[in-house]
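Subject: Handing over a model, with notes on helix packing and cavities

Dear colleague,

I am passing the structure below on to you, and my notes on it follow directly after it. Please read them with the model open.

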Amino acid sequence: MSILITGGAGYIGSVTVEALRAGRESIVVLDDLSAGHREAVSPDVPFYEGDMSDVSLLNKIAKRHNIEQIIHFAAFASVPESVSKPLKYFENNTGKVAKMLEILREYGLKNIVFSSTAATYGDPQTPVIDEEHPKRPCNPYGLSKYFVEQILDWSDSAYGITHVALRYFNAAGALPEGELSADSHARGEDHNPEGHIIPLVLQTAIGQREYVSIFGTDYPTPDGTCVRDYVHVLDLAYAHIKALRYLEDGGKSQKINLGNGKGFSVREVIETAREVTGRDIAVREDARRAGDPSVLVAAHQKAAAVLGWEPRYASLSGIIQTAWDWHKNHPGGY
Ligand SMILES: NC(=O)c1ccc[n+]([C@@H]2O[C@H](COP(=O)([O-])OP(=O)(O)OC[C@H]3O[C@@H](n4cnc5c(N)ncnc54)[C@H](O)[C@@H]3O)[C@@H](O)[C@H]2O)c1
């Protein structure tokens, strides 16, 4: 039996693949490399380049590897792009998932760990968001993921396929070389175009960008900039492994937040990056962007109670330090 990792050549997927590899799990990766990198997956992991809804490819993988569990990362993940190209997001992030599950259930699929997102909640009604918060996604990306959560609920009631939908807040940081085992490899963020604040700040520190934009300085927060919850990518990887074990042990389907439970403003991120890098980081103050809530912070008690998961990288400087090591050593990405 192997665990199928869709999107395993992407940022969070490739770190999770390294963590599973270090634990000697039997895994297989499926990624169409639309945003991922072949180099991000070790050559000793079975790798299939292709689309998650490719029927003949899925049949081949399922027959060869006896797939009973999936960790499903594959998706398009840009909120602004989802607003301008909503159908692209509903097709890839929702439609293709239903098709993939329809094929794999015939081979005895039992469990799914799904990359969901804080974007399923929409505009926060409370400063700290727990899992019971209303789900009113305010962009097609968040809605495309919320649809999948519902597809998973119906797949549980109809076929008994159980799931943990992990609603991540902001993934950040990188996997240091040799962190997990003597032969575990460095993995980090390499998106093109890059839309996440920490890589943008660090690319500015390296000199690849002239400045980093702060979108909005008049939010009702202590320093006027948006506050977000950053969770280290290796902490995310461990949460996926714990979620798989939980399902294997007969745990029922769950929706669970993954965050640090602490918020940091954009200015705090930039100031911390200046301290970590010892470099000057130029900023430009721009207007607010549509659809950016002022504060997004996770309640993470449920992850502790159900999965026994706690973030190990609690400090912002620790998270940024790992990302800085990655960007310094891989200025051109993979
Ligand atoms: N990065 C974050 O902060 C964050 C936050 C919340 C949720 N998520 C979710 O986590 C998951 C991973 O995010 P990431 O930052 O690693 O993104 P990523 O873009 O680095 O990885 C996604 C991977 O999926 C692959 N992919 C996309 N469509 C595919 C398809 N049809 N068939 C096969 N492969 C396909 C891409 O090539 C890529 O390697 C995504 O589902 C994303 O929505 C990410």
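How do the residues of the lining of the second largest cavity divide into nonpolar, polar and charged? They divide into three nonpolar, five polar and one charged, where Ala, Val, Leu, Ile, Met, Phe, Trp, Tyr, Cys and Pro count as nonpolar, Asp, Glu, Lys and Arg as charged, and the others, Gly among them, as polar.

Before the rest, a word on the basis of these notes. This is a predicted model, in which local features need pLDDT of at least 70 and side-chain atom pairs count only at pLDDT 80 or more, whereas totals for chains, interfaces and linings use all residues. Residues are numbered from 1 along each chain as its sequence is written, and side-chain values use heavy atoms, with hydrogens and water left out.

Cavities

A cavity here is a set of points, on a 1 Å grid over the protein atoms alone, where a 1.4 Å probe fits but cannot get out, and its lining residues have an atom within 4 Å of a point. Grid points are joined across faces, edges and corners, and a volume is the space filled by probe spheres set on the points. By this rule there are two cavities of 30 Å³ or more.

The largest cavity holds about 40 Å³ of space, and its lining is made up of Tyr11, Ala172, Gly173, Ala174, Gly188, Glu189, Ile198, Pro199, Ala323, Trp326 and His327. By class, that lining has seven nonpolar, three polar and one charged residues. Helix 6 and helix 10 (316-329) each supply at least two residues of the lining, and helix 10 gives the most, with three; helices (H or I, at least four residues) and strands (E, at least two) are DSSP runs, numbered from the N terminus.

The second largest cavity has a volume of about 30 Å³, and it is lined by Gly10, Tyr11, Ala35, Gly36, His37, Gly188, Asp190, His191 and Tyr334.

Helix packing

Helix 6 (residues 197-206) and helix 8 (residues 266-277) pack at an angle of about 40°, with their axes 10 Å apart; axes are lines fitted to C-alpha atoms, for helices over the stretch in contact, and angles run from 0 to 180 degrees between N-to-C directions. Helix 6 and helix 8 are therefore oblique to each other, given that angles under 35 degrees count as roughly parallel, over 145 as roughly antiparallel, 65 to 115 as roughly perpendicular and the rest as oblique. In contact, which means heavy atoms within 4.5 Å, are Ile197, Ile198, Val201, Leu202 and Ala205 of helix 6 with Val266, Val269, Ile270, Ala273 and Thr277 of helix 8. The residues of this contact comprise nine nonpolar, one polar and no charged.

For helix 8 and helix 10, the packing angle is about 60° and the axes are 9 Å apart, so these two helices are also oblique to each other. From helix 8, Glu268, Val269, Thr272, Ala273, Val276 and Thr277 meet Leu316, Ser317, Ile320, Gln321 and Trp324 in helix 10. By class, this contact has six nonpolar, four polar and one charged residues.

The axes of helix 6 and helix 10 come within 10 Å and cross at roughly 50°, which makes helix 6 oblique to helix 10. Here Ile198, Pro199, Leu202, Gln203, Ala205 and Ile206 in helix 6 meet Ile320, Ala323, Trp324, His327 and Lys328 in helix 10, with eight nonpolar, two polar and one charged residues in the contact.

Backbone details

Asparagine 192 and proline 193 are joined by a cis peptide bond, with omega at about 5°, and proline 193 lies in the loop between strand 8 (170-172) and helix 6. Arginine 24 has a positive phi of about 60° although it is not a glycine, and its place is the loop between helix 1 (11-22) and strand 2 (27-31).

With best wishes

Key:
On a 1 Å grid over the protein atoms alone, a cavity is a set of points where a 1.4 Å probe fits but cannot get out, and a pocket is an open set with protein on both sides within 12 Å along at least five of seven lines; lining residues have an atom within 4 Å of a point.
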